[in-house]
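Welcome, and thanks for taking a look at this one with me. Please open the model in your viewer and keep it beside the notes as you read.

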There are 2 protein chains.
Amino acid sequence: MERREFFERAKAIVQKSLKKKDRLIVNAVHTVDDLNNEINQLSERLKDWYGISFPELESLFPDPEKYASIVLALEKNEKEQLLKLTSEEKLNQIFDARKDSLGAEITENDKKPILDLAKSILSTVELRSRVESYLESLCNELCPNVSYLCGPLLTARLLAIAGGLEELAEMPASTIQVLGAEKALFKHIKRGSPPPKHGLLFQHPIISGASKEKRGKIARALSAKIAIAAKADAFTHHFIADKLKADLEKRLSEIK
Amino acid sequence: MERREFFERAKAIVQKSLKKKDRLIVNAVHTVDDLNNEINQLSERLKDWYGISFPELESLFPDPEKYASIVLALEKNEKEQLLKLTSEEKLNQIFDARKDSLGAEITENDKKPILDLAKSILSTVELRSRVESYLESLCNELCPNVSYLCGPLLTARLLAIAGGLEELAEMPASTIQVLGAEKALFKHIKRGSPPPKHGLLFQHPIISGASKEKRGKIARALSAKIAIAAKADAFTHHFIADKLKADLEKRLSEIK
């Protein structure tokens, strides 16, 4: 075998073992998390900074994205835009608060970098939603069954922590149930503390929305269905998630 | 006194006590730090993500800003832009590395969010430099003397940790010398470990660039001049920093 040919074969093996799709998904979901952090951090900064001139606004709009949009529309005096963002009643609250504001007046020159920061936050929010829809299409393509049950973000996080779709497909339901709760699991094994009922799966609305006593049972039912869905995605490539979901809903209605 | 008048007076007192300029400076420097963090974090993410298709590029351009610019120009096939960013020699290294790359081919659709991330990093870099020049003009206005000795970023950090310009002006040189090294200072007081030689001042190039033995002496000389400069900025408003700097340089030449 020639040297070049040998190299090409080695390359093909390496490329395959890197599991491209899995890695694309994992990077996309980590990017969503990074962008989330960034939006929260920069928005705290914006609230402090713009708070010099209008400290009362923060408590009216705690949500990062809303706050940044309101600051921009307010400073540009765009009344129409403000009415798109909030109700007339709340708008009057803003104007009342501004009249009696304890904030200091700052010059246009001092406002400019603050508004630049607000714009940057909004464009980061936009980037996050673009990455999220990309992630959704990627998950629907690679693992339509798991995605149907869990939604793209949770699916991507499961893949990230399992190490890929095949790895997830080879896990028993009981492992999937506690993925992401490794710390609590080892504490249980070593020191006999109560075992974790769920890890990442807590992010699924059917668990986070349930009462505390039911969560363990729901997590068990959900992880059983995910285990089947992952096997279908990795091996048979049939779409069976609608049936799995119906079964799951039936099981949920039985849990008391 | 009428209620309204009473309120207006109280408002004036609160607004004054909030020390507007100091707070603008502190917020601007914290924003620079936040944006720095963000640029570094997102650029690590970009290296991982784009690394799926071209892992070898990262070691050629470790700098975050350079890496993001190269990725964009490379993917858009802009040879002129690439030649502006790097030398012809290095460009050939890129093309050689790409020919034998162990990366996987990814579709245009998979590349899009990666390139969006790269663009977002570059616009954050731009925002950082705008906030930095704003910070510089603000420091030159509020404390031209300290700024002349320390540059805008270090000046702003000193103000942030001291709590404002007046607070800084009231500090003895020995306190300024160890500002930002509170942990080491208390360890010295409680447990008798060696006292810190410098805190934040280490960021000044005449200290970070000096040999280890000289740093303590230089920090002492520098903090003495900063203490005088801060008093001038807060109280007399004379510009004396050129003389202070000349004195400092004379003193530095004597330190062996």
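Here is a short briefing, grouped by topic, on the chains, their packing and a few single residues.

This is a predicted model. Chain A superposes on chain B by a rotation of 180° with 0.0 Å of shift along the axis, at an RMSD of 0.1 Å. That is the relation of a two-fold axis. Between the two chains, 32 residues of chain A are in contact with 32 residues of chain B.

**Symmetry and the interface**

- Which C-alpha of chain A is nearest the axis? The one of E38(A), which sits 3.3 Å from the axis.
- Both copies use the same surface, since 100% of the contact residues of chain A recur in chain B.
- Three elements of chain A each give two or more residues to the side that touches chain B: α1 (3-17), α2 (20-50) and α7 (108-142).
- The largest share of that side of chain A comes from α2(A), with 14 residues.
- Sorted by class, the side of chain A that touches chain B holds 15 nonpolar, 10 charged and 7 polar residues.

**The nonpolar core**

- The largest nonpolar core counts 122 residues.
- Which residues have the most contacts inside this core? They are I25, A28 and L135 of chain A, together with I25, A28 and L135 of chain B.
- Leaving out residues up to four places away in sequence, L135(B) touches I25(B), A28(B), V29(B), V32(B), P152(B) and A156(B).

**Around C139(B)**

- C139(B) belongs to helix α7 of chain B, residues 108-142.
- Beyond residues up to four places away in sequence, C139(B) touches I25(B), S147(B), P152(B), T155(B) and A156(B).

**A helix pair in chain B**

- Helix α8 (residues 144-162) and helix α13 (residues 215-236) of chain B have axes that come within 7 Å and cross at roughly 150°.
- The two helices, α8(B) and α13(B), are therefore roughly antiparallel to each other, as an angle over 145 degrees counts as such.
- From α8(B), the contact takes in P144(B), N145(B), V146(B), L149(B) and C150(B).
- From α13(B), the partners are K225(B), I226(B), A229(B), A230(B), A232(B) and D233(B).
- By class, this contact between α8(B) and α13(B) has 8 nonpolar, 2 charged and 1 polar residues.

**Loop residues with positive phi**

- H237(A) has a phi near 60°, a positive value in a residue other than glycine.
- H237(A) is placed in the loop between α14 (212-236) and α15 (241-254) of chain A.
- With 9 other C-beta atoms within 10 Å, H237(A) is exposed.
- N77(B) is not a glycine either, and its phi is positive at about 55°.
- Where is N77(B) found? The loop between α4 (64-75) and α5 (79-85) of chain B holds N77(B).
- N77(B) is exposed, with 8 other C-beta atoms within 10 Å.

- L60(B) lies in helix α3 of chain B, residues 57-60, and is partly exposed, with 15 other C-beta atoms within 10 Å.
- Not counting residues up to four places away in sequence, L60(B) touches K90(B), Q93(B), I94(B) and A97(B).
- From L60(B) to A97(B) there are 37 residues in sequence, and 9.6 Å in space from C-alpha to C-alpha.
- E182(B) is part of helix α11 of chain B, residues 182-191, and counts as exposed with 12 C-beta neighbours inside 10 Å.
- The C-alpha atoms of E182(B) and P196(B) are separated by 8.7 Å, with the two residues 14 apart along the chain.
- L74(A) has its place in helix α4 of chain A, residues 64-75, and counts as buried with 20 C-beta neighbours inside 10 Å.
- L74(A) and L91(A) are 17 residues apart along the chain, and 10.0 Å separates their C-alpha atoms.

Notes. Residues numbered from 1 in each chain as written. Chains lettered and ligands numbered in written order. Predicted model: local features only at pLDDT ≥ 70, side-chain atom pairs only at ≥ 80, totals over all residues. Contact = placed C-beta atoms within 7 Å. Helix = DSSP H or I, 4+ residues; strand = E, 2+ residues; numbered from the N terminus. Nonpolar A, V, L, I, M, F, W, Y, C, P; charged D, E, K, R; others polar. Axes fitted to C-alpha atoms, helices over the stretch in contact; angles between N-to-C directions. Parallel < 35°, antiparallel > 145°, perpendicular 65-115°, else oblique. Least-squares fit on C-alpha atoms with pLDDT ≥ 70 in both. Core = buried A, V, L, I, M, F, W, Y, C linked by C-beta atoms within 7 Å.
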